[in-house]
Amino acid sequence: MTREELEQKIKEIVVSSLDLEDLTPADIETDIPLFGEGLGLDSIDALELGMAIKKAFGVTFSQNPADNKAIFRSVKTLADFVQQQKKDL
């Protein structure tokens, strides 16, 4: 899977797992924040998104909230994390 395909897949997971009916994957910029002033997701969305990413890619997230905050900052940082995890497996 290329980097572009990975980022596209993550965008699709964001839209489908969170039932974002008024957004398409194309509407999500790769480097905008997913939470707060960016896409506006909240902590419940983070849990749902984390489960969907784990299921789709077989990755394991950190127990450290600060690490996870950095991982879930944007589609780009999620893609970086998935790529790194896949190298380590």
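User: How many positive and negative side chains does the protein have, and how far apart do the centres of the two sets lie?

Analyst: In this kind of count, Lys and Arg are positive and Asp and Glu negative, with His and the chain ends not counted; each charge is placed at NZ of Lys, CZ of Arg, CG of Asp or CD of Glu. Here there are 10 positive and 17 negative side chains, and the two centres lie 8 Å apart. This is a predicted model, where local features need pLDDT of at least 70 and side-chain atom pairs pLDDT 80 or more, while totals for chains, interfaces and linings use all residues. Residues are numbered from 1 along each chain as its sequence is written, and side-chain values use heavy atoms, without hydrogens and water.

User: Which residues touch the most other members of the largest nonpolar core?

Analyst: In soluble globular proteins, nonpolar side chains tend to be buried together. A nonpolar core joins buried Ala, Val, Leu, Ile, Met, Phe, Trp, Tyr and Cys through side-chain atoms within 4.5 Å; buried means under 20% relative accessible area with a 1.4 Å probe, protein chains only. Of the 23 residues here, Ile10, Leu49, Ile53, Phe57, Phe61 and Leu78 touch the most other members. Helices α1 (3-17), α2 (43-57) and α4 (75-88) each supply at least two residues of this core.

User: What is leucine 49 in contact with?

Analyst: Contact means heavy atoms within 4.5 Å. Beyond its neighbours within four places in sequence, Leu49 contacts Ile13, Val14, Ser17, Leu18, Leu34, Phe72 and Leu78.

Terms used:
Buried < 20%, exposed > 50% of the residue type's maximum accessible area, 1.4 Å probe, protein only. Helix = DSSP H or I, 4+ residues; strand = E, 2+ residues; numbered from the N terminus.
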